[in-house]
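This briefing goes through one protein model, topic by topic. Please keep the sequence and the structure in view while reading.

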Amino acid sequence: MHARGWYSIYCMPPRPAFKGSAPINLSDRLNQVLRWALGSVEILLSRHCPIWYGYSGRLMLLERLAYINTIVYPITSIPLIAYCMLPAICLLTGKFIIPEISNYAGMWFILLFLSIFATGILELRWSGVSIEDWWRNEQFWVIGGTSAHLFAVFQGLLKVLAGIDTNFTVTSKANDEDGDFAELYVFKWTSLLVPPTTVLIVNLVGIVAGVSYAINSGYQSWGPLFGKLFFAIWVIVHLYPFLKGLLGRQNRTPTIVIVWAVLLASIFSLLWVRIDPFTSEATKTATRGQCGVNC
């Protein structure tokens with residue numbers, strides 16, 4: 001419509017114009033988010049992608065940027081998974097993801113962090129969203145980003161490039177007027193639960209390994225440990241509602257979720273120890289040469 005020259009306005013009436021129902025448990029909610037994200041990936045890979053569609057019409061730059069922002073967000077799940085796994089990797093290997101920087105670079109980093117924080121506060125004041133609601137949204141963004149958005153990227157690539165279609169799952173919804181919240185704490189099995197469970201297990205194991213190493217190495221190792229622990233705890237805090245759901249008393253967590261999560265965490269840890277990307281090539285070559293001489 002915008003590419004054909006139509007205009008739209010932002011309308012927010014005092015009385016809600018529409019009312020609907022939504023999934024109330026985590027499993028159904030993630031399946032719904034998966035469908036939304038999959039639709040965005042399909043548009044991204046189609047001829048109607050706003051990156052190149054609408055140049056013959058009157059699609060303005062800000063409209064194009066807004067549409068691009070609404071379809072590329074599932075791809076952010078890939079760096080999000082990497083950032084959620086790096087703290088645990090640093091604790092397991094004894095390395096750190098941030099190199100030593102100068103005071104000048106540190107000042108720019110602090111200014112950038114404060115500007116992002118100030119921008120978030122201004123957005124909250126403008127939109128009228130409370131800090132509690134914002135924090136819940138941040139938590140679910142990490143939960144959905146490490147599960148539904150990640151699956152949407154791979155399913156979208158399979159569907160568009162290989163023609164492999166996925167099954168459509170109809171999510172159950174509850175009406176607030178009926179008071180039917182019996183499924184609020186139901187933890188249904190879905191493959192979407194495996195990636196965030198893996199991230200949780202790896203970070204918990206990393207914290208245990210880091211603290212154990214500091215205890216055995218003496219007090220001088222506690223200083224560098226706190227920085228690594230901060231990032232790992234920050235990931236766990238974002239995934240805390242998911243962890244609470246896994247350990248809830250209402251329903252037992254499906255065994256297959258734990259098995260797959262532990263298996264993936266073990267495979268990832270073994271591969272990382274085998275590759276050891278923190279070690280330079282010169283060190284690896286010298287180690288191989290010394291091994292060859294000794295042998």
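The model is a predicted one. The protein holds eleven helices and zero strands. Of its 295 residues, 30% are buried.

**Overall make-up**

- Read from the N terminus, the order of elements is α-α-α-α-α-α-α-α-α-α-α.
- Among contacts in the protein with a separation of 6 or more, 81% are between residues 24 or more positions apart.

**The largest nonpolar core**

- The largest nonpolar core has 33 residues, and Val-199 and Leu-239 are the ones that touch the most other members.
- At least two residues of this core come from each of α1 (26-44), α3 (77-93), α5, α6 (148-161), α7 (194-217), α8 (222-238) and α9 (240-246).
- The biggest share comes from α3, which gives seven residues.
- In general, nonpolar side chains of soluble globular proteins tend to be buried together.
- Apart from neighbours within four places in sequence, Leu-239 has contacts with Val-142, Ile-143, Thr-146, Pro-196, Val-199 and Leu-200.
- Val-199, one of the contacts of Leu-239, is the other residue that touches the most members of the core.

**Helix α5**

- Helix α5 covers residues 131-145, which is 15 residues.
- From first C-alpha to last, α5 reaches 21 Å, close to the 21 Å expected at 1.5 Å a residue.
- Its buried residues are Gln-139, Val-142, Ile-143, Gly-144 and Gly-145.
- Val-142 and Ile-143, both buried in α5, are among the contacts of Leu-239.

**Helix α8**

- Helix α8 has 17 residues and a first-to-last C-alpha reach of 24 Å, close to the 24 Å expected at 1.5 Å a residue.
- The buried residues of α8 are Leu-225, Lys-228, Leu-229, Ala-232, Val-235, Ile-236 and His-238.
- An α-helix has 3.6 residues a turn, so residues three or four places apart point the same way.

**Packing of α3 against α5**

- The axes of α3 and α5 are 9 Å apart and meet at an angle of about 100°.
- That angle makes α3 roughly perpendicular to α5.
- On the α3 side, Ser-77, Leu-80 and Cys-84 take part, and they meet Trp-141, Val-142 and Gly-145 of α5.
- By class, this contact has four nonpolar and two polar residues, with no charged ones.
- Val-142 and Gly-145, which face α3 in this contact, are both on the list of buried residues of α5.

**Packing of α1 against α2**

- Helix α2 spans residues 61-72 and packs with α1 at an angle of about 125°, the axes being 7 Å apart.
- That angle makes α1 oblique to α2.
- Ser-40, Val-41, Ile-43 and Leu-44 of α1 form the contact together with Thr-70, Ile-71 and Val-72 of α2.
- The contact of α1 with α2 has five nonpolar residues, two polar ones and no charged ones.
- Val-72 lies in helix α2 and, at 26% relative accessibility, counts as partly exposed.
- Ser-40 and Val-72 are 32 residues apart in sequence, while their C-alpha atoms are 7.1 Å apart in space.

**Individual residues**

- His-149 is placed in helix α6 and counts as buried, at 8% relative accessibility.
- Leu-243 belongs to helix α9; with a relative accessibility of 19%, Leu-243 counts as buried, because the cut-off is under 20%.
- Leu-243 and Ile-201 are 42 residues apart along the chain, with 9.9 Å between their C-alpha atoms.
- Trp-6 sits in the segment before α1 and counts as exposed, at 58% relative accessibility.
- A distance of 8.7 Å separates the C-alpha atoms of Trp-6 and Arg-58, which are 52 residues apart along the chain.

Note on methods: Residues are numbered from 1 along each chain as its sequence is written. This is a predicted model: local features need pLDDT of at least 70, side-chain atom pairs count only at pLDDT 80 or more; totals for chains, interfaces and linings use all residues. Side-chain values use heavy atoms; hydrogens and water are left out. Helices (H or I, at least four residues) and strands (E, at least two) are DSSP runs, numbered from the N terminus. The expected span of a helix is 1.5 Å times one less than its number of residues. Buried means under 20% relative accessible area, exposed over 50%, partly exposed in between (1.4 Å probe, protein chains only). A nonpolar core is a set of buried Ala, Val, Leu, Ile, Met, Phe, Trp, Tyr and Cys residues joined through side-chain atoms within 4.5 Å. Contact means heavy atoms within 4.5 Å. Axes are lines fitted to C-alpha atoms, for helices over the stretch in contact, and angles run from 0 to 180 degrees between N-to-C directions. Angles under 35 degrees count as roughly parallel, over 145 as roughly antiparallel, 65 to 115 as roughly perpendicular and the rest as oblique. Ala, Val, Leu, Ile, Met, Phe, Trp, Tyr, Cys and Pro count as nonpolar, Asp, Glu, Lys and Arg as charged, and the others, Gly among them, as polar.
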